[in-house]
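Visitor: Hi, I've got a structure to look at and a few quick questions. Can you walk me through it?
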Amino acid sequence: MEAVRVVLIRHGESIWNAQNRFTGWTDIDLSDSGHAQARAAAQTLEELGFLPDRVFTSHLKRSIRTAWTILDQLDRLWAPTHSLAALNERCFGDFEGLTKDQVRDRFGPAALTAFRAQPDWRPPGDRAESLADLIDRVRPVWIDCIQPAVRSGENVLVSVHGNTIRALDAIIRPAGQDAIDPDVPPAKPFVYSIA
């Protein structure tokens with residue numbers, strides 16, 4: 001079988017991203033820059049020769065709107081799109097809505113370091129998730145939804161969130177390849193070729 005591609009892409013900048021706030025499960029829309037980033041991402045995908053046959057997003061509007069913008073720019077609005085809550089961003093608990101400075105002031109600088117560097121560390125608060133929790137949450141989506149689409153020969157676009165990309169990368173990355181940096185840039189495509 002010829003290799004098909006999966007593209008993971010973080011949504012464009014959201015209004016809270018622009019304010020340097022932890023967004024998590026809060027349903028915040030794209031900023032004007034985020035819309036422009038999504039359009040630029042579509043151009044990059046076109047230059048790569050990637051035309052999605054199927055799309056997966058989270059339930060959050062910044063993820064969905066990024067996918068819609070890309071599909072519109074590529075004239076692929078007909079591509080089946082599946083919005084799944086399991087692909088939502090990591091729940092940040094008591095960090096949500098706070099800026100990094102506010103988190104540092106309230107919880108100490110060690111909290112920010114642990115958040116980024118320790119896969120099993122959870123922020124304080126109800127339902128807060130570690131990166132390891134998120135990997136467990138998205139693994140079934142990869143196995144039951146995304147991987148079968150790829151195996152059927154479809155090019156798949158996954159428009160989600162920075163930590164969701166890190167979780168999916170941990171599942172599908174070839175052995176020996178370095179992990180994606182914790183600072184996943186907005187609207188940058190990560191391309192995986194899968195035979």
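Visitor: Which residues in H4 meet H5?
Guide: This is a predicted model, and in it Lys-100, Val-103, Arg-104 and Phe-107 of H4 meet Pro-109, Ala-111 and Leu-112 of H5.

Visitor: OK, zooming out. How many helices and strands are in the chain?
Guide: Seven helices and five strands. Starting at the N terminus, the order is β-α-α-β-α-β-α-α-α-β-α-β.

Visitor: How compact is the chain for 195 residues?
Guide: As compact as a globular protein of that length, because its radius of gyration is 16 Å, close to the 16 Å from the globule rule. Along the principal axes, the C-alpha atoms fill a box of roughly 50 × 35 × 25 Å.

Visitor: What share of the residues is buried?
Guide: Buried residues account for 49% of the 195. As for contacts between residues at least 6 apart in sequence, 77% of them join residues at least 24 apart.

Visitor: Let's talk core. Which residues touch the most other members of the largest nonpolar one?
Guide: Val-6, Leu-8, Ile-146, Val-156 and Val-158, out of 25 residues in that core. The elements giving two or more residues to it are strands S1 (4-10), S4 (156-160) and S5 (189-194), plus helices H6 (131-151) and H7 (162-172).

Visitor: Which element gives the most?
Guide: H6 does, with nine residues.

Visitor: What is Val-156 in contact with, sequence neighbours within four places aside?
Guide: Arg-5, Val-6 and Val-7, then Phe-50, Arg-54 and Phe-56, and finally Ile-146, Ala-149 and Val-150. There's also a second, separate core of 14 residues, with Ala-67, Ile-70, Leu-71 and Leu-74 among them.

Visitor: How far is Pro-140 from Ala-86 in space?
Guide: 8.8 Å, C-alpha to C-alpha, although Pro-140 and Ala-86 are 54 residues apart in sequence.

Visitor: Is Asp-75 buried or exposed?
Guide: Exposed, because its relative accessible area is 66% and the cut-off for exposed is over 50%.

Visitor: And what about the phi of Arg-127?
Guide: Positive too, at about 65 degrees, and Arg-127 isn't a glycine either. Arg-127 is in the loop between H5 and H6, and it counts as exposed at 61% relative accessibility.

Visitor: Last one. Where is Ala-179, and what does it touch beyond four places in sequence?
Guide: Ala-179 is in the loop between H7 and S5, where it touches Asp-169 and Arg-173. At 51% relative accessibility, Ala-179 counts as exposed. Ala-179 and Ala-167 are 9.8 Å apart, C-alpha to C-alpha, and twelve residues apart in sequence.

Definitions and conventions: Residues numbered from 1 in each chain as written. Predicted model: local features only at pLDDT ≥ 70, side-chain atom pairs only at ≥ 80, totals over all residues. Heavy atoms only, no water. Core = buried A, V, L, I, M, F, W, Y, C linked by side-chain atoms within 4.5 Å. Buried < 20%, exposed > 50% of the residue type's maximum accessible area, 1.4 Å probe, protein only. Contact = heavy atoms within 4.5 Å. Rg over C-alpha atoms; globule rule 2.2 N^0.38 Å.
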